[in-house]
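User: I have a model open and want to learn how to read it. Can you take me through it one feature at a time?

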Amino acid sequence: MSQRDYYEVLGVGRDADESELKKVYRKLAMKYHPDRNAGDAKAEERFKEIKEAYEVLSDSSKRAAYDQFGHAGLNGGMGGAGAQGFSDAFSDIFSDLFGMRGGGRSNVHRGADLRYNLEITLEQAARGTETKIRIPRQEVCDTCHGSGAKPGTSPKTCPTCNGHGQVRMQQGFFSIQQTCSHCHGSGKVVSDPCTDCQGAGRVKRHKTLSVRIPAGVDEGDSIRLTGEGEAGASGGLAGDLYVVIHLASHPVFQREGNHLHCEIPISFTVAALGGEIEVPTLDGHARIKVPTGTQTGKIFRLRSKGITGVRNQSTGDLLCHVAVETPVNLTARQKELLEEFESISQEDGSLHHPRAKSWMEKAREFFTE
Ligand SMILES: [Zn+2]
Ligand SMILES: [Zn+2]
């Protein structure tokens, strides 16, 4: 078992993300793949090493254990990875590269992946939730167990391709392999179709599934439920179900990454005189001291009152944006007081309204030039 640092083996930084790992792995694996280096023991050694490193780093829990404890964190479970042949990680990545899915013929009929758009509230996204979803999908027919043949009969070997599912055609110098058009690649034909699924082997059904949404998910994140997509034809693997998260708009908070924003309207007297206001947070209330002379647009930042992200586990802040509210529906008495206030303020306007004063000066310069 190799004891070289896995990041070093792949030549990536410790912060490399999934897509970078995948890219680097593809490149290296292509280069050292035994098929391309027949009889080269060194290349084979290197290939095993690369594969082992990728298997660990591409698995988030193994990677976390490795990051914390090094090779010792892996419990020897990964030992001698090279000996067990092509693992899932390998076939996953190479399936599209070499134009095959895992190599097995049944995978030609892998069921379709499904997408389900799930809208959740901001609170649910912040704390995580478990919910039930109902999806329409193709499932394996119970009557014929997916074979498509009437019970008591069985599918026969396709006479066109002799059960290979593929036919070879010679075209000039080239020999081209094509999916058999008679059996559509399954290698079998049904002469007596099952009446419940009309020979398809699958039927449309609604299924209720329980989905656990981890805390911290954001708009557009997706959760993969392996094998919960559509059933495959002719006993092929089922596809996967992707639950894509959408956040409902919130009456108070707007989310931006792990930060939350909210607008706090305050009266102009509180803005001028200062005071204390109560603001909502995702877990209760918080109090903010408003200093005297607070202006619209001032932001109060409440540290760690945002959302803890699902990936990096860092917690965002809550940013409260002050909006000074102009009073409306004034009574005669209020008007009288404000008029008095205004006339006193006129005497030394620049002191009380420095922004208006400097703006007036700039505007005047602009017009006289
Ligand atoms: Zn059936
Ligand atoms: Zn055929």
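Analyst: Start with the surface. The accessible surface of the protein comes to about 23000 Å². Carbon and sulfur atoms hold 51% of that area. Keep in mind that this is a predicted model.

User: How many helices and strands does the protein have?

Analyst: There are 10 helices and 15 strands.

User: What share of the residues is buried?

Analyst: Burial is judged by relative accessible area, and the cut-off is under 20%. By that test, buried residues make up 34% of the 369 in the protein.

User: And how do I read contacts along the chain?

User: Now the metals. Which residues are the protein donors of the zinc ion (ligand 1)?

Analyst: For a metal site, list the donor atoms, then check the angles. The donors of ligand 1 are the SG atoms of Cys141, Cys144, Cys194 and Cys197, lying 2.3 Å from the zinc ion. Their sequence spacing is C-x2-C-x49-C-x2-C. The site links distant parts of the chain: cysteine 141 and cysteine 194 are 53 residues apart. Cysteine 141 sits in the loop between strand 2 (129–140) and strand 3 (156–157). Cysteine 194 is in the loop between strand 6 (188–189) and strand 7 (202–213).

User: Why is the arrangement around the zinc ion (ligand 1) called tetrahedral?

Analyst: Four donors count as tetrahedral if all angles lie between 85 and 135 degrees. Here the 4 donor atoms subtend angles of 103 to 116 degrees, so the arrangement is tetrahedral.

User: Are cysteine 141 and cysteine 194 buried or exposed?

Analyst: Both pass the cut-off for buried. Cysteine 141 has 2% relative accessibility, and cysteine 194 has a relative accessible area of 1%.

User: What coordinates the zinc ion (ligand 2)?

Analyst: The donors are the SG atoms of Cys158, Cys161, Cys180 and Cys183, at 2.2 to 2.3 Å. Their spacing in sequence is C-x2-C-x18-C-x2-C. The angles among the 4 donor atoms run from 103 to 116 degrees, and the site is tetrahedral. Cysteine 158 is buried at 1% relative accessibility. Cysteine 161 is buried at 4%.

User: On to the strands. Which strands pair with strand 9?

Analyst: Check two things for each pair: direction and bridges. Strand 1 (residues 114–120) runs parallel to strand 9, joined by 7 bridges. Strand 8 (residues 222–225) pairs with strand 9 in the antiparallel sense, over 4 bridges. Leucine 241 shows both pairings. In strand 9, leucine 241 is the bridge partner of leucine 114. Leucine 241 is also the bridge partner of leucine 225.

User: What does the side chain of arginine 63 make a polar contact with?

Analyst: One partner is the side chain of tyrosine 7, at 3.0 Å. A polar atom of the arginine 63 side chain also lies 2.8 Å from the backbone oxygen of alanine 16. Now set aside neighbours within four places in sequence. Arginine 63 is then in contact with Tyr7, Arg14, Asp15, Ala16, Leu21, Val56 and Leu57.

How values were computed. Residues are numbered from 1 along each chain as its sequence is written. Chains are lettered from A and ligands numbered from 1 in the order in which they are written. This is a predicted model: local features need pLDDT of at least 70, side-chain atom pairs count only at pLDDT 80 or more; totals for chains, interfaces and linings use all residues. Side-chain values use heavy atoms; hydrogens and water are left out. Donors are N, O and S atoms within 2.8 Å of the metal (3.2 Å for Na, K and Ca); water is not among the atoms, so sites may look incomplete. Four donors count as tetrahedral if all angles lie between 85 and 135 degrees; four count as square planar and six as octahedral if opposite donors are over 155 degrees apart and all others between 65 and 115; anything else is irregular. Helices (H or I, at least four residues) and strands (E, at least two) are DSSP runs, numbered from the N terminus. Buried means under 20% relative accessible area, exposed over 50%, partly exposed in between (1.4 Å probe, protein chains only). Accessible areas come from the Shrake-Rupley method with a 1.4 Å probe; for residues, only the protein chains shown count as cover. A polar contact is a pair of N or O atoms within 3.5 Å; within protein, one must be able to donate a hydrogen and the other to accept it, and residues adjacent in sequence count only if both atoms are side-chain atoms. Contact means heavy atoms within 4.5 Å. Two strands pair if DSSP finds at least two bridges between them.
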